[in-house]
Amino acid sequence: MSASFIAIIVILVAVVMTFVKGVRIVPQGQQWIVERLGKYKQTLGAGLNVVVPYIDRVAYRLSNKDQILEVPSQDVITKDNAVVTVNAICFVKIADPQKAAYGVEDYEEATSALAMTSLRATIGKMDLDESLSSRDVIKAELLGVMSDQMTDWGLILRSIEIQDIAPSQSMQGAMEQQAAAERQRKATETRAAGNKQAAILEAEGVKQSTILRAEAEQESATRQAAAAISLAEGTKRANQLLAESISGEGGQAALNFQLATRYVDALAALSQSQNAKVIAMPAELSQSIGSLINAGVVLGMTAEINTKTANSKDKSSLNFS
């Protein structure tokens, strides 16, 4: 093998190596940073790119796709001195590869550290209950705080999501007791409200019942008064008729007859009672019976006289005819 042949082979190898070093094929979704003699030269996009071999070199290979960066768990103290464990996820996109390469030493580590400090500052201004229930508020504040800083690094913060906010074990126990006490309080309030409503309804029922009873008693008293007035008027009328009868012919005898008859009937009813073992005959019994007989005789004579008078009148009328 001659020296000229070896030289040709060396030249061909050098040409191939030069060609390989001067051609760069960048994959889709990536951007490469090219430096010339240690200084930034250009950013290569996806596809075939040509650089100066041996002078230009690819210093950084960056992805222009959205990247997921995890924020490690950390203990954070809230405004009311409660300890909670917090972790999150950041969604980041490189907007300026030059700033991402030269603006910060390691943009992934820097983003994670910035998220951790921002979380501590944001949750530190909240109470425990507020921090547990205000994830959207925490997210919005973190986006506002971190976006400005990350712009200088050539990054866009797409979103940051709070994965977990967990109180300590002792705090969880206290929260469970607080929740149980709150449920007990609500149950007591509900029971008290029910008892109050029941008492109100019962009072309303008593009120209505009292009103109706009073109205019924008033109506009954009115009717009783009307009945008493009617009875009094009837008694008055009966007494008037009785007085007129007594003042008439044979009225006193009829009165004595009626009194004696009722007296005898009362004694007969008393003798027929099952509880009557001994019947005491009053001293005026004979007098009452006598009055009864006399009244009957008088009434009979009066009836006979009336009959005879009527017959005489009938005969006289016939003779005159």
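**View 1. Lys139 and Glu161 meet in a salt bridge.** The N to O distance between the two side chains is 2.8 Å; a salt bridge is counted when a side-chain nitrogen of Lys or Arg lies within 4 Å of a carboxyl oxygen of Asp or Glu. The pair joins distant parts of the chain, with Lys139 in helix α5 and Glu161 in strand β8, 22 residues apart. Helices (H or I, at least four residues) and strands (E, at least two) are DSSP runs, numbered from the N terminus. Lys139 counts as partly exposed because its relative accessibility is 25%, and Glu161 is partly exposed with a relative accessible area of 34%. Buried means under 20% relative accessible area, exposed over 50%, and partly exposed in between (1.4 Å probe, protein chains only). The model is predicted, so local features need pLDDT of at least 70 and side-chain atom pairs count only at pLDDT 80 or more, whereas totals for chains, interfaces and linings use all residues. Residues are numbered from 1 along each chain as its sequence is written, and side-chain values use heavy atoms, with hydrogens and water left out.

**View 2. A salt bridge connects Glu141 and Lys125.** The N to O distance is 2.6 Å. Glu141 belongs to helix α5, while Lys125 lies in the loop between α3 and α4 (128-133), 16 residues apart. Glu141 is partly exposed, at a relative accessible area of 26%, whereas Lys125 counts as exposed at 53% relative accessibility.

**View 3. β6, β7 and β8 form an open sheet with helices lying across its strands.** The strand order is β6-β7-β8 and the pairing is antiparallel; two strands pair if DSSP finds at least two bridges between them. β6 (67-77) and β8 (155-167) are the edge strands, each pairing on one side only. From one strand to the next, the twist averages 20 degrees. Strand β7 (residues 83-94) is paired with β8 over 11 bridges, and Phe91 stands opposite Ser159 in β8. Helix α3 (residues 107-123) lies across β6, β7 and β8 at about 35 degrees to β6. Helix α5 (residues 135-151) lies across β7 and β8, at about 140 degrees to β8. Axes are lines fitted to C-alpha atoms, for helices over the stretch in contact (heavy atoms within 4.5 Å), and angles run from 0 to 180 degrees between N-to-C directions.

View 4. Strand β2 (residues 30-36) pairs with β5 over seven bridges, and Ile33 stands opposite Tyr60 in β5.

**View 5. Arg36 and Asp56 form a salt bridge.** The closest N and O atoms are 2.5 Å apart. Arg36 in strand β2 and Asp56 in strand β5 are 20 residues apart. Arg36 is partly exposed at 30% relative accessible area, whereas Asp56 counts as buried at 6% relative accessibility.

**View 6. A nonpolar patch on the surface includes Ile6.** Among the other members are Phe5, Ile9, Val10, Leu37 and Tyr54, and the patch has about 910 Å² of accessible area together. Patches consist of residues with over 30% relative accessible area and no salt bridge; like charges are joined within 9 Å and nonpolar side chains (Val, Leu, Ile, Met, Phe, Trp, Tyr) within 5 Å. Accessible areas come from the Shrake-Rupley method with a 1.4 Å probe; for residues, only the protein chains shown count as cover. Ile6 is found in helix α1 (residues 3-22) and counts as partly exposed at 40% relative accessibility.
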